[in-house]
Amino acid sequence: MHTRRDFIQKLTGSLIALQISPALVTAGCNNIIVPYDGPLLRVAIMGLGSYGTRVAEAMKDCKKAKLVGVISGTPSKIKDWQAKYNIPEKNCYNYENFDQLKNNPDIDVVYVITPNALHKDQVIRVAKAGKHVISEKPMSINAKDGQEMIDACKKAHVKLLVGYRMHFEPKTLEIIRMRKAGELGKVLFFQGLCGFTIGDPTQWRLNKQLSGGGSMMDIGIYAINGARYMIGEDPIWVTAQETKNNPEKFKEGVDETIQFQFGFPGGAVASCLSTYSMNNLDRFFLNGEKGYAELYPSTGYGPIQGRTSKGELTQPHVTHQTVQMDEMAGIILEGKQPVVPVDGEEALKDLKIIDAIYEAVKTGKKVDLKL
Ligand code: NAD
């Protein structure tokens, strides 16, 4: 009689004999693994810094996406990455010559993971080279630039996605499912608290030329985006107030702490905080007429933890960037539709909101939003 163990042993033996790629997928039945033989997204990473490194490590476990190329201004980093990830010389570029990607049929998409203000020109150049692009958040430093990026990608017939990793996180998706199914009743309030104490005052995140702003561009954007996917609507107005306790560190145009409020068409309101001067701020709270949902931590690398009025959320921890890149492979290669969009238009809404928040801080007035 054939047991499931016999079957799995036989299958594993066959895989070794056939030298099939270690990329395996779990089939519908429990514990049975089958080799993945669908399309593979071949990715080049631009910007080999701290987040680029995290994405590269996470991609080792991807089934549908593979790191095959790099773009960097530092030759020694390129050498290290070539050795570590088995990247061929012909897939290595610097910031001067990456337009030559157009002659490279072995790269499908470039993931831009550089300082915020550089995304716009880099994404547009990648699009002109005929490659799909994933940009890190924020997609750019204002809505005007974001629109230009979208237009350039449309013109070049390439896809533009943005690294919104939380859109694939299981506990987040469960709350969205519950809200959509009406299990929380009519949602009337969201609170998003996002912040950390930033260190080194000389880093690019505190240089407006490279960052485009301060905490809002970096961490506050999670509360903006989160308010939208948790409530399931786009805000119609915003008010905002800034507090700056350390003007030496947080220079003109670099926000330290901003509180902001949204109104939504269905009557819900949101109250959010973005800061570079407080730790332990990573919490989402959603309140409906029939129940509530809380994530704390809500947007860090995990494990994300949460509960709702029905009890603890028990969905498994996943490496966000692994799941994100597999899902993005599905979007780019197979036209899959994510539950929460991750395209340029989605990111443009956040940029319009950031523009409006800065305007509200400056004028002290309520700013209407048309997304
Ligand atoms: P980082 O400073 O660690 O890395 C930035 C990389 O860009 C470095 O390798 C640096 O050499 C390179 N670079 C190229 N041109 C540069 C220039 N002119 N000035 C400075 N550096 C230059 O930063 P990071 O933390 O990796 O952030 C990069 C991007 O990723 C940012 O847009 C950030 O918002 C985003 N990010 C996203 C997440 C997320 O969870 N989705 C997390 C961290 C960072």
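Predicted model: local features only at pLDDT ≥ 70, side-chain atom pairs only at ≥ 80, totals over all residues.
**View 1**
The ligand is surrounded by 21 residues, the closest being Ser50, Asn116, Lys137, Arg165 and Trp204; a residue is near a molecule if one of its heavy atoms lies within 4 Å of it. Taken alone the ligand exposes 830 Å², and the protein buries 78% of that (accessible areas come from the Shrake-Rupley method with a 1.4 Å probe; for residues, only the protein chains shown count as cover). The ligand sits in the largest pocket. Here a pocket is an open set of points on a 1 Å grid over the protein atoms alone, where a 1.4 Å probe fits, with protein on both sides within 12 Å along at least five of seven lines. To sit in a pocket, a molecule must have more than half of its atoms within 2 Å of the pocket's grid points.

**View 2. Met217 in helix α8.**
Met217 belongs to α8, residues 215-231; helices (H or I, at least four residues) and strands (E, at least two) are DSSP runs, numbered from the N terminus. Met217 counts as buried because its relative accessibility is 1%, where buried means under 20% relative accessible area, exposed over 50%, and partly exposed in between (1.4 Å probe, protein chains only). Leaving aside neighbours within four places in sequence, Met217 is in contact with several residues, among them Asn116, Lys137, Pro138, Ile354 and Tyr358; contact means heavy atoms within 4.5 Å.

**View 3. Two cis peptide bonds.**
One of these bonds runs from Lys137 to Pro138, with omega near -15°. Pro138 is found in the loop between β7 and α5. The bond from Tyr296 to Pro297 is also cis, with omega near 5°, and Pro297 lies in the loop between β14 and β15.

**View 4. Thr299 in the loop between β14 and β15.**
That loop runs between β14 (292-295) and β15 (306-308) and holds Thr299. Is Thr299 buried or exposed? Thr299 is buried, because its relative accessible area is 4%. Beyond neighbours within four places in sequence, its contacts are Arg165, Met166, Tyr222, Asp282, Phe284 and Ile304.

**View 5. Ser135 in strand β7.**
Strand β7 covers residues 132-135 and includes Ser135. With a relative accessible area of 0%, Ser135 is buried. Its contacts beyond four places in sequence include Tyr111, Val112, Met149 and Leu161. The side chains of Ser135 and His119 are joined by a polar contact of 3.5 Å, that is, a pair of N or O atoms within 3.5 Å; within protein, one must be able to donate a hydrogen and the other to accept it, and residues adjacent in sequence count only if both atoms are side-chain atoms.

**View 6. Helix α4 and its cover.**
Seven of the ten residues of α4 (residues 119-128) are buried, so this helix is largely enclosed by the rest of the structure. Those buried residues are His119, Lys120, Gln122, Val123, Ile124, Val126 and Ala127. Their cover includes β3 (41-46), β6 (109-112), β7, α5 (143-155) and β8 (160-162). After α4 comes Gly130, with a positive phi near 85°.

**View 7. Positive phi in two loops.**
Asn86 is not a glycine, yet has a positive phi of about 55°. Asn86 is placed in the loop between α3 (75-85) and β5 (92-93) and counts as exposed, at 69% relative accessibility. His157, another residue other than glycine, has a positive phi near 55°. His157 lies in the loop between α5 and β8 and is exposed, with 74% relative accessibility.

Key:
Residues numbered from 1 in each chain as written. Heavy atoms only, no water. 1 Å grid on protein atoms, 1.4 Å probe; cavity = no way out; pocket = protein on both sides within 12 Å on 5 of 7 lines; lining within 4 Å.
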